[in-house]
Amino acid sequence: DQEHNSSLESNLEGLAGVLEADLPNYKSKILRILCTVARLLPEKLTVYTTLVGLLNARNYNFGGEFVEAMIRQLKECLKVNMYNEAVHLVRFLSDLVNCHVIAAPSMVAMFENFVSVTQEEDVPQVRCDWYMFAFLSSLPWVGKELYEKKDAEIDRLLSQTESYLKRRQKIHVPMLQVWTADKPHPQEEYLDCLWSQIQKLKKDRWQERHILRPYLAFDSILCEALQHNLPPFTPPPHTEDSVYPMPRVIFRMFDYTDDPEGPVMPGSHSVERFVIEENLHCIIKSHWKERKTCAAQLLSYPGNNKIPLNYHIVEVIFAELFQLPSPPHIEVMYTTLLIELCKLQPGSLPQVLAQATEMLYMRLDTMNTTCVDRFINWFSHHLSNFQFRWSWEDWSDCLTQDLEKPKPKFVREVLEKCMRLSYHQRIIDIVPTSFSVLSPANPVCIYKYGDESNRSLPGYTVALCLTIAIKNKASNDEIFSILKDVPNPNQDDDDDIVLYLLFHEVFKTLAESDEGKLHVLRVVYEVWKNHPQMIAVLVDKMIRTQIVDCAAVANWIFSSELAHDFTRFYIWEILHSTIRKMNKHVLKIQKELEETKARLARQHKRRDSDDDDDDDDRSSDREDGPLEEQIERLQEKVESAQSEQKNLFLVIFQRFIMLLTEHLVRCETGGIDVFTPWYKSCIERLQQIFLQHHQIIQQYMVTLENLLFTAELDHHILAVFQQFCALQA
């Protein structure tokens, strides 16, 4: 480490010399680059603050211009809702106090303005939270320096912080927790956790032992430098368009007892834990698109010999994967990153990952259903990269449990997913025979007319004729003429048409009514119930080809015919995919409308700038006519699509309320415990709908509150809606 530090110091000194020489010609470019790294490379923060410190010591004016440029960039970030980048800029500015670029009193004044946001009236809590977080999360870097110079002011800020944190509402927390149980590790709200870490830091006299501080080596140069005062900074006011980061819950999985051999893991309330996790998250954010670079950067994290780095990395990756409402990056990235890490550290990382998997399995009973879904996806994908090798016998405890309980359910869904990534026989071969009760069914279709013993079934002969006609590539008309002999074609004979999506017209006719649409979906389920992936593909295709609509799919999912599979993973994949299709459809038409309006505006602008006297009004009307008609048509389409979207959510929430209310009444009258595995699954699927589609649902809050989530509703169900409302409150 010492060798690394001395080469870093000489590199910094050399770079400062080169940049100083280039200032006369390339000043604006150098300013721009330094502002960019401050925003985008937070894990290298102290290296670049030292560089700015060295430049400021050599060229006072440049230091002043840099501070002004940073403040401009901070204001810009806040204006366009780039709050995560803004945190990095605030932290960078605060570390410049350590480098003698910024005077401590002006930094304290800026933090006073941040904390005063908590006194504003009629602003969302998430706004105050952000300013609190920006202040508190800078203290590990600059707390010591500020406290030495301005202890009374910092004490006052900390007591204001404490009183704000005490009066904050935390209704949203249960919705964002990965586990409902606080054992073995409490799942704390992020500001509460950070506050505990800062209190401990203050108690330790602001001594922090993990941040790399290259500027200490240049103290004799830097302490001679003149300092700048930050210009007065007023937080921009809250507006309609302000979108603040959502609150989070800190994911905890390991502590020092999990790795008795290696270096000791810092406690969950030590500020080192915050700094390490913050930096690892930043490394992932900087390099997530390049998994090899990302893995290498994580493993070469500075000070890695003083901490159990593999445990920190695995915990941080799972923290992101399980983050609610959604992970910061696409889920599959985390699988590929973990595989890459296993390749780079084959002697140690796979063991930590296996230990983590075992812990997650042990804690499945209290794990949030959405997180269980992600665990299933990750684990099955991971196994597929390692020949599906796993010590299944270690999990045989799940075989003695009710199959609806979380553990057997998890194993069943993992094997189902593994089959999608290989084939049925392979899965049968890899798991012990004792697990056959959880192994996936052979994914073949159930075609009741294909068996001669079913000749007595009504419609058997028609089905036979149909099969021959289809094999002979019959036309739609010929198919219709065979079907017309059936008293109600919706009842029996569309079974085998489901196998052939070639007959689009036939389907459209069969599924004209709402009942017809539901019937087609029921038949799909009957034929393919052993092949969930096929059901998902067919439903997807039928929505695309407009044979069924989104609301029909939602009604079908909540129908009694599907009750047996209601808690299965694939059912919710289908529902979420259906909602996403609806949302995409609305966005597409909205975009078309915006573009057409912009075209019309450009046309007007062009005409206004052509001050041609001959231009008469009639020709301009002629030009505008088609576009105006198009805009009118598109406006109608947008309204109809939005009303369809709103209706879809109303259907889904209404069906949830009906199912849950029936369950609650049944339990109450029978004196049974409400909290069954089915209830946990159902109520958490309701939460999942709210969380995964929160941006869209927010538009329909008033309707939902007035029509469905009214005060009379059972408090178990209403609590979910209230938690959701609190997320952006």
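The structure is a predicted model, in which local features need pLDDT of at least 70 and side-chain atom pairs count only at pLDDT 80 or more, whereas totals for chains, interfaces and linings use all residues. Residues are numbered from 1 along each chain as its sequence is written, and side-chain values use heavy atoms, with hydrogens and water left out.

Helices are DSSP runs (H or I, at least four residues), numbered from the N terminus.

The bond from Lys183 to Pro184 is cis, with omega near 0°; Pro184 lies in the loop between helix H8 (173-176) and helix H9 (190-203). The bond from Leu324 to Pro325 is likewise cis, with omega near 5°, and Pro325 is located in the loop that joins helix H13 (309-321) and helix H14 (331-344).

Positive phi values occur at Asp122 and Phe388, neither of which is glycine. For Asp122, phi is near 55°, and the residue is placed in the loop between helix H5 (104-116) and helix H6 (125-136). Asp122 is exposed, its relative accessible area being 79%. Phe388 also has phi near 55° and is situated in the loop between helix H16 (369-384) and helix H17 (406-420). Phe388 counts as buried because its relative accessibility is 5%.

Conventions:
Helix = DSSP H or I, 4+ residues; strand = E, 2+ residues; numbered from the N terminus. Buried < 20%, exposed > 50% of the residue type's maximum accessible area, 1.4 Å probe, protein only.
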